[in-house]
Amino acid sequence: GATIGIIGGGQLGRMLAIAASRLGFRTVVLEPQADCPAAQLCNAQIVAAYDDKAALADLSGRCDVVTYEFENIDLEAARWLESTVALRPSSRALEVAQDRLVEKTFLNDHGIPTVAFRDIGGADDLAEALRGFGGRGILKTRRLGYDGKGQVRFRGDATDPSPAEALQEICHAPAILEEFAPFSAEISVIATRSGDGTTVCFDPARNVHENGILATSTLPSGVDAGIESRAKDLAGMLAGALAYVGTLGLEFFVMEDGSLRANEFAPRVHNSGHWTEAACTVSQFEQHIRAIAGWPLSSGTRHSDCVMHNLIGNDIARVPDLAADPDILVHDYGKAESRPGRKMGHFTRIVRRVG
Ligand code: ATP
Ligand code: MG
Ligand code: MG
């Protein structure tokens with residue numbers, strides 16, 4: 001059988017390795033942390049930094065195709081890897097997704113609307129951009145933010161920091177200011193595109209965040225069917241524009257008037273798609289493996305309404321109780337220690353069967 005390389009051995013790498021093994025593939029994971037969530041589930045681990053050239057050469061020599069579980073891989077390293085082995089999705093997807101300014105510009109250029117945003121070079125830029133947005137907005141680092149980290153909110157009131165304080169808070173990293181979106185809901189679409197251009201989307205999930213971290217994803221989303229189908233179309237447009245191969249997650253704000261604003265996308269399997277392992281025949285993880293291995297894609301049909309809950313920090317202690325509920329599928333990532341704010345696992349409650 002073929003061997004699949006996975007850069008990153010966190011929970012997403014672990015779930016990709018499980019899906020790959022079920023289809024008969026071998027997996028080699030590149031991850032510097034020896035005791036990582038994917039360690040027990042892959043066939044071999046290369047313990048080295050993600051941009052270590054010798055390690056990447058080793059990975060490429062041992063694999064037929066290489067994929068990744070996170071978007072912050074050094075671009076030069078990814079391009080070099082791509083010259084030696086099939087990298088799916090490509091380095092282009094990384095390039096676009098790892099910088100919010102490039103990402104939002106790309107989305108708009110391809111007909112996918114976002115909230116208004118401004119490139120921020122310093123305190124003067126920030127003051128001017130804030131005035132343009134009526135004093136409200138969110139300052140975000142262009143790179144490396146996740147779970148709401150690297151963001152400063154301006155509410156247009158006395159609690160707001162000065163521009164200089166806000167830039168200090170993000171350590172003067174390159175940043176953008178986004179207009180505040182007074183959304184009525186947040187949804188996301190998980191889409192998978194194969195090498196022949198076939199694109200399949202799962203139903204959009206309605207996402208609720210707590211403290212900047214995804215808390216729940218609910219299916220169905222409860223937004224109008226027309227909005228859902230528009231969101232799927234936009235995800236398909238994004239996948240096409242990137243000549244994408246694999247699974248991606250595209251997050252949206254649903255505005256009061258029903259229009260959509262893309263927030264960001266992840267060039268990988270996505271937390272808001274974890275419900276697919278419980279409520280679809282083929283999960284987002286298996287769809288990804290199918291796409292990168294050149295297999296046919298599943299239809300992505302959802303057989304149940306469901307709610308996925310993340311287990312953050314000590315929530316993981318709930319697993320034994322949750323497992324006693326016959327309508328719940330639990331997933332523990334096997335992380336050695338729980339820390340506040342750390343994603344330790346998730347569970348999906350099946351609400352009812354549909355169709
Ligand atoms: P993730 O863990 O999803 O990668 P992130 O750190 O990249 O998170 P975003 O997705 O940009 O951050 O923002 C996190 C959350 O903050 C959003 O899901 C949304 O709830 C809120 N948010 C972000 N940008 C805006 C905005 N422009 N207007 C209103 N709310 C926003
Ligand atoms: Mg993000
Ligand atoms: Mg997000």
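Is the crossing of α1 and α10 left-handed or right-handed? I checked, and the crossing is right-handed. Here left-handed would mean the near helix is turned anticlockwise from the far one by less than a right angle, and right-handed means clockwise.

**Ground rules.** I am working on a predicted model, where local features need pLDDT of at least 70, side-chain atom pairs count only at pLDDT 80 or more, and totals for chains, interfaces and linings use all residues. I number residues from 1 along each chain as its sequence is written, with chains lettered from A and ligands numbered from 1 in the order in which they are written.

**Helix pair.** I took helices (H or I, at least four residues) and strands (E, at least two) as DSSP runs, numbered from the N terminus. Helix α1 covers residues 11-22 and helix α10 covers residues 284-292. Their axes come within 8 Å and cross at roughly 65 degrees. Axes are lines fitted to C-alpha atoms, for helices over the stretch in contact, and angles run from 0 to 180 degrees between N-to-C directions. I then listed the contacts (C-beta atoms, placed from the backbone, within 7 Å). From α1 come M15, L16, A19 and A20; they meet F285, E286, H288 and I289 of α10. I sorted the residues of this contact into 6 nonpolar, 1 polar and 1 charged. My classes: Ala, Val, Leu, Ile, Met, Phe, Trp, Tyr, Cys and Pro are nonpolar, Asp, Glu, Lys and Arg are charged, and the others, Gly among them, are polar.

**Domains.** The domain assignment gives domain 1 (3-87), domain 2 (116-178) and domain 3 (185-353). Such bounds come from an automatic or database assignment. I find the C-alpha centres of domain 1 and domain 3 to be 22 Å apart. In the contact, 19 residues of domain 1 meet 17 residues of domain 3. On the domain 1 side, α1 and β4 (65-68) are the elements that give two or more residues. α1 gives the most, with 7 residues. By class, that side has 12 nonpolar, 3 polar and 4 charged residues.

**Parallel sheet.** I looked up the sheet with the order β3-β2-β1-β4-β5: it is open, has 5 strands and pairs in parallel. Two strands pair if DSSP finds at least two bridges between them. β3 (44-46) and β5 (86-87) are the edge strands, each pairing on one side only. Strand β2 (residues 26-30) is joined to β3 by 3 bridges. In that pair, V28 stands opposite A44. α1 packs on this sheet, touching β1 (3-7) and β2, and its direction makes about 165 degrees with that of β2.

**Antiparallel sheet.** Next I traced an open sheet of 4 strands, ordered β6-β9-β7-β8 with antiparallel pairing. β6 (117-120) and β8 (151-155) are at the edges with a single partner strand each, so one side of each has no neighbour in the sheet. The twist averages 20 degrees from one strand to the next. β6 and strand β9 (residues 175-178) share 4 bridges, and I120 stands opposite A175. Helix α6 (residues 123-132) lies across β6, β7 (136-141), β8 and β9, at about 165 degrees to β6.

Key:
Contact = placed C-beta atoms within 7 Å.
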